[in-house]
Amino acid sequence: MHRPTAWHVTHWSQDAFCRGAYSALLPGGSLEHRRALGECLSGRLVIAGEACNPHAPAMAHGAWDDGVRAADLAIQNGAHRVIVIGAGCAGLAAARHLRAHGVDCAVIEARDRIGGRTFSVQLGSVTVDVGAAWLQQFADNALAREAERLGVRVEATDFSQPLCAASDGPIHGIDEAWQALRQGVERSTPLAEGVARYLAGLEPDQARIARYAIDANLISEACLALDELSVASLDEEGVGNDDHFLPGGYSQLIEHLADGIDIRLGQPVAQIDWRGSELCINAERGDFCICTVPLGVLKLLEFVPQLPQRQQEALAHLGMGKLEKVVLQFDQRWWPRSPTGYLRWYDTPANWIEWLDLTDAVGKPTVVGLIAADAVERQFASRSDEEIALAARDALKAWAWAVDHCGWRSRRA
């Protein structure tokens, strides 16, 4: 019953060219580690991308802005030929900025496509983003300005008004519980320890809501388990700040932004040789390198010579979060309609906690489920994509049943 007619399941955590979804602060990590990772080294090498951006980490426009920052460093250091590694948002931003300032550059990309962790797929006539999907912090988003200039259709997502249900009874006060936890948790201890102490001081009903608040506002955002996260993760912004998505997919922007750039596809990089004034990367030669590969790949690159201790220290305090998506398409919408298109499902243990109903935006019954952190292994291990898609469908059915039959719902949790 309610069998999807089409589906797409992501495997970003297993993808050799990213090894995860986006960066997160590991225990002891701070915004200073992000800044340190992106410092210019010896006037000829810069690491760039969302992981280096303390203002918009884990966001596509954060990667874009950091690519521009890296390009400015190359210009300031008098670069004549720049090798940009990676054709995602950071790499494309760097290349466009360099080109606009008359600096010769070449982009080498491991994949056989551009866009990196932005990736639009087709399910029949519908285009769906299975990587980055929103223009976040819309008012301050350079990619949003490009979308406006191009006349690309965008639609707001109101993450503050989800249609919610829980597997074990009524659910109210999630936002309040989250703010209380952020203010009340002891920040001088490791995050998991501080949270455990905080929860132990609550009444059982309060602790239940607080745990769900952690699932929704921390685990599903930072995409790692509590014992893998820094206390500073409590303050890194996620969704909910004037977010807009592109019904026609990010590919509309990416293809435009790549126009006119010298991009060489199918060229994975294993080593960056930056010993002398001339850098050697694969067959390319230049006097400056901007490396924009995702953090999961960056940790596997060989740098000759090794990165300075300050950058190695930064790398040790940053990790890649696990976030996957499943897109399900049906002949008809059989689940309750949320006015905002945003659904939340609270279960223990957490599984497919967030859903986006794209039906009205794309004109065909389509939903996207998100799953994060250790729930990925629980749901994905030893399963085929079809089995994962059907398991996600079952979670959506459980949510719909709770909404329809139990009254365990809230439009503002």
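Reply: Happy to. Keep in mind that this is a predicted model. Let's begin with accessibility: Asn282 is partly exposed, because its relative accessible area is 34%, and partly exposed covers the range between under 20% for buried and over 50% for exposed. Asn282 sits in the loop between strand E14 (279-281) and strand E15 (284-286).

Me: Is Gln137 buried or exposed?

Reply: Gln137 has a relative accessible area of 12%, so it is buried.

Me: What does Thr348 touch, leaving out residues up to four places away in sequence?

Reply: Thr348 touches Ser167 and Tyr212 on that count. Ser167 is 181 residues from Thr348 along the chain, yet their C-alpha atoms are separated by 7.7 Å. Thr348 itself is exposed, because its relative accessible area is 60%.

Me: How would Val107 compare as a second case?

Reply: Val107 is in strand E5 (residues 104-108) and counts as buried because its relative accessibility is 0%. Beyond its neighbours within four places in sequence, Val107 contacts several residues, among them Val84, Ala95 and Ile261. Val107 and Ile261 are 154 residues apart in sequence, with 7.7 Å between their C-alpha atoms.

Me: On to sheets. In what order do E8, E9 and E11 lie?

Reply: In general, strands of a sheet pair through backbone hydrogen bonds, either parallel or antiparallel. Here the three strands form an open sheet in the order E8-E11-E9, with antiparallel pairing. Strand E8 (134-135) and strand E9 (155-157) are at the edges; each has a single partner strand, so one side of each has no neighbour in the sheet. Two bridges link E8 to strand E11 (residues 243-245), and Leu135 has His244 as its bridge partner in E11.

Me: Where can I find a parallel pair?

Reply: Look at E10 and E20, which pair in the parallel sense over four bridges. Trp345 in E20 is the bridge partner of Ala165. In strand E10 (residues 163-166), Leu163 and Ala165 point one way while Cys164 and Ala166 point the other way, and all are buried.

Me: Last, how do helix H2 and helix H3 cross?

Reply: The axes of helix H2 (residues 60-76) and helix H3 (residues 89-100) come within 7 Å and cross at roughly 40 degrees. The two helices are therefore oblique to each other, and their crossing is right-handed. Residues making the contact include Trp64, Val68 and Ile75 of H2 and Leu92, His97 and Leu98 of H3. By class, that contact has 13 nonpolar, two polar and two charged residues.

How values were computed. Residues numbered from 1 in each chain as written. Predicted model: local features only at pLDDT ≥ 70, side-chain atom pairs only at ≥ 80, totals over all residues. Heavy atoms only, no water. Buried < 20%, exposed > 50% of the residue type's maximum accessible area, 1.4 Å probe, protein only. Contact = heavy atoms within 4.5 Å. Axes fitted to C-alpha atoms, helices over the stretch in contact; angles between N-to-C directions. Parallel < 35°, antiparallel > 145°, perpendicular 65-115°, else oblique. Left-handed = near helix turned anticlockwise from the far one by under 90°. Nonpolar A, V, L, I, M, F, W, Y, C, P; charged D, E, K, R; others polar. Pairing = 2+ DSSP bridges.
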